[in-house]
Amino acid sequence: ALPTLARASAGKDAFTFTEILRGTDSTHHAPEGYDVQLLMRWGDPLFPDAPPFDAYAQTAAAQRLQFGYNNDFIGYLPLTPEDGQDERGLLCVNHEYTSTLLMFEDVGDNYPATVTAEQAAVEMAAHGGTVMEVARRGGQWFVVVPSRFNRRITADTTPMTLTGPAAGHDRLKTRLDPSGRSVAGTMNNCAGGITPWGTYLMAEENINGNFTGMLPDGHRETANHARFGVPGHWYAWGRHVDRFDIGKEPNEPNRFGWIVEVDPMDPDSTPRKHTAMGRFKHEGAETVLAPDGRVVVYMGDDQRFDYVYKFVSRGRFDPDQPAANRDLLTEGTLYVARFDADGTVTWLPLVHGKGPLTAENGFESQADVLIEARNAADLLGATPMDRPEDVEPDPRTGSVWVMLTNNHWRTEDQVDAANPRARNYWGHIIQIVEPKGDFAATRSRWEILVRCGDPAQPEVQASWNASTSENGWFGSPDNCAIDPAGRLWVATDGNAMTGAADGLWAMETEGPGRGTGRAFFRAPAGAEVCGPRFTPEGDTLFLAVQHPGDGEGATFLAPNTRWPDFAEGQPPRPTVVAIRRKDGGVIGG
Ligand code: FEO
Ligand code: CA
Ligand code: CA
Ligand code: CA
């Protein structure tokens, strides 16, 4: 057995809420004594001139002024409260993707081929992100409209610049952008992060799905696009907009799949895509400082058999030099993780000219290494994981929590110490411990915290603390958060596999309770839970309820739930909720 990385209990406050029950129904559930407020729904106005939401007549112009679809990451930046307010801040919310069949009354019988140009434009306007001012009076949160901060970032109309070694490279040039330095939009923004200098990081994930078309025979990008699953043909965008057809614009996919940095304080600022951080299916990008002030960003590449990465900046964070901090993510070293059976993590640098990353293997420059980070990581011998999703560093303990959602494609032959189950339908959570809290270290330790799934079924081979109740275990960990008391919370995407709705669980990570899960929130049917984010006092928890009502055969007219409005004939709406304790106390007890 591995030496346990569990520290003795550091005296963290115990969870004292009463667990909710496993199950699935049309609505959400939170423990007794908690209020769940619907803060912002798909289509709600962000600007005074936003038309009222009309699901039967949605337009791209309206959508650009309204909250987008499928809310995912949530960041919170506190602001000084104004008169009569108890709390105020900016919420930064990603809109990961569009559920075409739930958004539109009629997409015809031959979806996605029948999606119209206007519907595709609505979808592009519903991707991206939202920055919005929020405030609380007493127990009640609300979105401030108008606000000088409110902003929509979309997949088509928001100009962005590229930074770092791949910016301006030939492989990033297109007819619309012969400079290779300027991209219209960001898309498939899954999780993300908030930096110590107050910017918002948006992670571009399953961008392949929006591309259609075919490369000419023998095209330079053939192997690159194949490794990324481009074109995915999931949407009709390429039928209406040339740049999403790779036959017409073979380089356009290389301009997506990056980490995007946004200054939420300035709604006129130009977001930047940082190529130094690598191109893959980015799940999240949580930032932490190494003891020497370098910035470390942990990132998962969410696909079966893909990798865990970290980026270490070249420069150092300086709280007195806010302008200089803005460029910290433009230069640094990207590493990919190899998890060895002896409990070591070795972080392998993706640096051109090092090891196999040479011209003989198709990497002419650092730009090639970053554009094809996955192919580079393959050659370096990184450990193929069971779908790395959120990767969350805890600055207080030096621990990093890695959510591995699931991977039922793994065979017995492919099992290894860090991915110990074949046909892993349930996922697991790995703890990485950085030596002496040095997040920039290139050798770390790792151990599995829990193997998810039903502990009552021996064939599942789950591992939980024995004190976990029948409601406290789950499957498919995806997003996670560390609350202000240092406690871990895990949200799921795919718990339906175990016969119950997705939700949010509190997880004990230290002391005798290590590995105990406790059910806190349950999503309505068809939804996953994203973006857990606590306010600095820990007395509000924001959650993103994504794709409610979805599922096999679910449509606009026949969804699995009409949450949260429950209005006859109206579709379900992805919604950010704010959870408070009725007595105003700390979430979780
Ligand atoms: Fe967008 Fe990996 O979930
Ligand atoms: Ca996710
Ligand atoms: Ca997170
Ligand atoms: Ca997911």
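Predicted model: local features only at pLDDT ≥ 70, side-chain atom pairs only at ≥ 80, totals over all residues.

**Salt bridges**

How many salt bridges does the structure hold? The count is 46. Here are three of them, with the N to O distance for each pair.

| Pair | N to O distance |
|---|---|
| Arg171 and Glu372 | 2.8 Å |
| Arg326 and Asp263 | 3.1 Å |
| Arg314 and Glu331 | 3.7 Å |

Start with the side chains of Arg171 and Glu372, which meet in a salt bridge. Arg171 sits in the loop between strand S7 (159–163) and strand S8 (182–184), and Glu372 in the loop between helix H7 (366–371) and helix H8 (373–380), so parts that are 201 residues apart in sequence get tied together. Arg171 is buried, with a relative accessible area of 4%, and Glu372 is buried as well, at 10%.

Next come Arg326 and Asp263, whose side chains also form a salt bridge. This pair links distant parts of the chain, 63 residues apart: Arg326 is in the loop between helix H6 (322–325) and strand S17 (332–339), and Asp263 is in the loop between strand S11 (259–262) and strand S12 (272–274). Arg326 is partly exposed at 26% relative accessibility, whereas Asp263 is buried at 17%. Why does Asp263 count as buried? Because its relative accessible area of 17% is under the 20% cut-off.

Then there is Arg314, which forms a salt bridge with Glu331. Arg314 is part of strand S16 (residues 308–316), and Glu331 is in the loop between H6 and S17, so the bridge ties together parts 17 residues apart in sequence. Arg314 is exposed, at 60% relative accessibility, and Glu331 is partly exposed, at 43%.

Some salt bridges share partners, and in that way Arg171, Arg220, Glu221, Asp368 and Glu372 are joined into one network.

**An open sheet**

Now for the strands. What order do the 6 strands of the open sheet follow? They run S8-S7-S12-S11-S10-S9, and the pairing is mixed. S8 and strand S9 (189–194) stand at the edges with a single partner strand each, so one side of each has no neighbour in the sheet. From one strand to the next, the twist averages 30 degrees.

A quick bit of background: strands of a sheet pair through backbone hydrogen bonds, either parallel or antiparallel. S11 and S12 run antiparallel, and 3 bridges join them. Look for Glu261 there: its bridge partner in S12 is Arg272. And Asp263, the salt-bridge partner of Arg326, lies in the loop between S11 and S12.

Terms used: Residues numbered from 1 in each chain as written. Chains lettered and ligands numbered in written order. Heavy atoms only, no water. Salt bridge = Lys/Arg side-chain N within 4 Å of Asp/Glu carboxyl O. Helix = DSSP H or I, 4+ residues; strand = E, 2+ residues; numbered from the N terminus. Buried < 20%, exposed > 50% of the residue type's maximum accessible area, 1.4 Å probe, protein only. Pairing = 2+ DSSP bridges. Axes fitted to C-alpha atoms, helices over the stretch in contact; angles between N-to-C directions.
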